[in-house]
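Good morning, and thank you for joining this group meeting. Please turn to the structure, which I shall discuss in a few steps.

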Amino acid sequence: MRGRRSRGGAFAAVAVAAVAAALACCGLAACAAVPDHSESTPAPGTMVAAFYGDSYTRGTGATSPERRWSSIVADGRSWYEFNPSVDGLGFVVNRGVGGADLVDLIVEHEPPPDVVIVTMGLNDTFLTSSRADDLEAAIGEDLERFRAELPDARLVVVEPFWYTAERPDSLERIIDWVEAAADRVGADHIDGASRWLEGHPEWIAADGIHPNDEGHGEIARRMDEELERLGL
């Protein structure tokens, strides 16, 4: 586990910025359409990788679907990508909006995923402190379900992404909860992802929130390094 952090201020540290960011995450139509693999099937022997995430993993901010980081990573490994990620989604925030729950979609996918990569938590930083217990529980429940229902899959849990130099206390708390839940279920954990874009405003799209093509490329590069370290 990582070192302890200050807990003061809980979830309300950046109220005005949080409202703007939450609206942007939920309301953007997206800068890139997301490919739908529901009508295609992987070739026999192909690794199936499922991605559980929000707008950063959906590819918002990229100019085309193939430029999002998840597709770059999957293409480079000749993986079949199943990516139902949704703008504005969190472990709790906007859960169930738009129909089926993403965890349901992933655990019910045929063929079952060989790898599940979890990149969730950014949007949950905008919750009030009154939902903290719900959020911590939801993180654990999602990872426990992946482990129980996809016992043969490699489960990789990534520290939540972030996009500004200002880091609310809620982000630090969620980072710890995510890592602790990953440890409990024996998942691989990738540390430090909340700082991968730090100090590089040129990697952020015009909306001020999502990575642009260069930013997605940087996330893909860092993710590649971490996956190689994990033997994937």
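A residue is called buried when its relative accessible area is under 20%, exposed when that area is over 50%, and partly exposed in between. Please note also that the model is predicted.

With that definition, consider Glu225, whose relative accessible area is 41%, so it counts as partly exposed. Its salt-bridge partner is Arg221, with the closest N and O atoms 2.9 Å apart. Arg221, at 40%, is likewise partly exposed. Why are the two separated by about one helical turn? Because Glu225 and Arg221 are four residues apart in helix α7.

How many salt bridges does a search of the whole structure find? The search finds 15. One of them joins Asp213 and Arg67, with 3.7 Å between the closest N and O atoms. This pair links distant parts of the chain, for Asp213 lies in helix α7 and Arg67 in the loop between α2 and α3, 146 residues apart. Asp213 is partly exposed at 23%, and Arg67 is partly exposed at 43%.

Let us turn to helix α3, residues 69-76. Its buried residues include Trp69, Val73 and Ala74. Among the elements that cover the buried residues of α3 are β1, β3 and α7. After α3 comes Ser78, with a positive phi near 60°.

Finally, one cavity of 30 Å³ or more is found in the whole structure. The largest cavity has a volume of about 40 Å³. Asp101 is among the residues that line it, as are Val86 and Leu89. The lining comprises five nonpolar residues, two polar and one charged.

Methods:
Residues are numbered from 1 along each chain as its sequence is written. This is a predicted model: local features need pLDDT of at least 70, side-chain atom pairs count only at pLDDT 80 or more; totals for chains, interfaces and linings use all residues. Side-chain values use heavy atoms; hydrogens and water are left out. On a 1 Å grid over the protein atoms alone, a cavity is a set of points where a 1.4 Å probe fits but cannot get out, and a pocket is an open set with protein on both sides within 12 Å along at least five of seven lines; lining residues have an atom within 4 Å of a point. Grid points are joined across faces, edges and corners, and a volume is the space filled by probe spheres set on the points. Ala, Val, Leu, Ile, Met, Phe, Trp, Tyr, Cys and Pro count as nonpolar, Asp, Glu, Lys and Arg as charged, and the others, Gly among them, as polar. Buried means under 20% relative accessible area, exposed over 50%, partly exposed in between (1.4 Å probe, protein chains only). Contact means heavy atoms within 4.5 Å. A salt bridge is a side-chain nitrogen of Lys or Arg within 4 Å of a carboxyl oxygen of Asp or Glu.
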